[in-house]
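Here is a short note to read with the model open beside you. Take the points one at a time and look for each element as it comes up.

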Amino acid sequence: MNAWPEADAARYRAEGYWRGETFPRFLARVTAAYGDRTALVDDRVRLTYAELRAQVDVVSRGLRELGIGAGDAVLVQLPNRAEFVVLWFALQEIGAVPVHAQPGHRRTEITHLARMTRAVAHVIPDVHARFDYRDLAAACSAVRHVIVVGAPGTSGFIAWDDLMSARARPVGVSARPDDLALLLLSGGTTGLPKLVPRTHDDYLYNARAAAEVCRLDTDTVYLATLPVAFNFTMNCPGVLGTLGVGGTVVLADTQDPASCFDWIERERVTITAITPLLAPVWADEARHREADLSSLRVLQIGGARLAEDLAREVIDSFDCTVQQVFGMAEGLLCLTRLDDPPDVIATTQGTPVSPADELRVVDEHDVDVPDGEVGELLVKGPYTLRGYYRAPEHNATAFVDGYYRTGDLVRRLPSGHIVVVGRRKDQIQRAGEKFAAPEVEGHLQAHPAIRSVALVPAPDPVLGERSVAFIVPAGSTVPTRRDLAAYLSDRGLAAYKTVDDVRPLSDLPRTPVGKLDKKALARLLDDEPTAP
Ligand code: OOB
């Protein structure tokens, strides 16, 4: 693993960012402090910290009996339910490494992850969201053990319940705080997911720093509605940030606002996190339903660009603080602060959570640009990786002087706030001009006839690239290309930032964590010839 250089590591320790704790010690500490309080709730169980720890203990022994031990990678592909968290800490107990697969991954991704990590086990639900994961696991056959939460079927898979009846003695494994603790998947927009190594020290600091900015405490009730394997949900501050302060984590197996609002009402949820794609439906539901959301203090929105008009709509629709979250599996986390004025919350993605985060905004020659100008964001710091896992070729270009190249185009304001403009690769090069698709999407999103929109380039013999708008209409009428061109020009945009083609859709395709999936849209372009 590419570790931090010793000089940086020493500084992060000396300045108190890295505290030398490991996840097993973390769990022991929070159990001692908050034993009787509720740690986890899902639609089947409620567990106190003491009960969580007891289950972790049993499962870690079960894993041991299977011969799983220190340094072994285990693919964790579970939906939002208590077993995810129990398993995760059980793996930590024995020094094994959870690999955060997503429920939406299929044969190509799982086989790739299993190969890359040489995983010894794959943990799945039996059937979830009408998909039988046992068929998937059988089709992959790259791992020694398949553990099924639910009915294992007949194929020699191991039942979770059998793990829970393990008899093996506890084996003390003492991980070091700078050991690999988990592997996250990069949200990269190209190719198969890359693996992000995170250590105990770094991931614990990430959780603590985020929890502090969000002012979590023992009264916090965090609703996990995005997939828990996602770094946002797990640690920003998410599950681990909440457990670290003695709060309660509610694991909801849905992102549907009506069901989530029921959870919020029932469990008196204080903080939750969604993506911009969910924001319009959540805002709609908040305006039209009589749900009691009075317990909710913070609504985090992140993972992709939140258009300014939509941000304002959400701020107006919810009687709580909205927080923009710009994060990445690789590390860096920027948050708006709870006391930022609404304008700052609507128009920026906040500032880094750590004073030790070092950010640069550079042009195509890696020369720093002045504040206010757009450039690529580079970052290094106490919780940002220094190299992907087993990817020497990629690492050779993904870093410069220890800084991670995010691929994100941003502006840094004189106040230090970061505004994400787009991805380096999310551009449309039309008739010799180049523009960031998210900028125009942000304007189109404000159009009354549009519910959601995504702009992608299509090859064009005359223009080079033509801009195609996939649109989910708000009502029964689909705006035409001419309507949109006029609308954009009314909003004062240059004429080259326009829409050449409109394709209505009933819903936009999403990635496993619920982000807009532009690769899937590009494939739709290949499938359908353009109408004359
Ligand atoms: C989160 O993590 P990933 O690894 O799935 O994706 C990271 C990328 C960023 O590099 C950026 O391109 C985009 O997603 N992104 C945003 C954004 N938040 C993430 N782009 C614009 N505005 C935002 N607010 O997505 C993630 C990890 C932890 C916390 C939150 C999000």
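1. A term to start with: a crossing of two helices is left-handed if the near helix is turned anticlockwise from the far one by less than a right angle, and right-handed if clockwise. Please keep in mind that this is a predicted model, in which local features need pLDDT of at least 70, side-chain atom pairs count only at pLDDT 80 or more, and totals for chains, interfaces and linings use all residues. Residues are numbered from 1 along each chain as its sequence is written.

2. Now try the term on helix H5 (residues 107-117) and helix H6 (residues 133-140): their crossing is right-handed. The two axes come within 10 Å and cross at roughly 50 degrees. Axes here are lines fitted to C-alpha atoms, for helices over the stretch in contact, with angles from 0 to 180 degrees between N-to-C directions. H5 and H6 are therefore oblique to each other (under 35 degrees is roughly parallel, over 145 roughly antiparallel, 65 to 115 roughly perpendicular, and the rest oblique).

3. Which residues of H5 and H6 meet? Arg 107, Ile 110, Thr 111 and Ala 114 come from H5, and Leu 136, Ala 139 and Cys 140 come from H6. Contact means that C-beta atoms, placed from the backbone, lie within 7 Å. By class, the contact of H5 with H6 has 5 nonpolar, 1 polar and 1 charged residues (Ala, Val, Leu, Ile, Met, Phe, Trp, Tyr, Cys and Pro count as nonpolar, Asp, Glu, Lys and Arg as charged, and the others, Gly among them, as polar).

4. Next, look at helix H2 (residues 23-34) and helix H3 (residues 49-65), whose axes come within 8 Å and cross at roughly 145 degrees. H2 passes H3 in a left-handed crossing. H2 brings Leu 27, Val 30, Thr 31 and Tyr 34 to the contact, and H3 brings Tyr 49, Ala 50, Arg 53 and Val 56. These residues divide into 6 nonpolar, 1 polar and 1 charged.

5. Stepping back, the chain has 18 helices and 28 strands, counted as DSSP runs numbered from the N terminus (helices H or I, at least four residues; strands E, at least two). Its C-alpha atoms fill a box of roughly 70 × 50 × 45 Å along the principal axes.

6. Finally, the domain assignment, whose bounds come from an automatic or database source, gives domain 1 (47-175), domain 2 (201-423) and domain 3 (427-526). The centres of domain 1 and domain 2, taken over C-alpha atoms, are 28 Å apart. Their contact takes 12 residues from domain 1 and 9 residues from domain 2.

Note on methods:
Contact = placed C-beta atoms within 7 Å.
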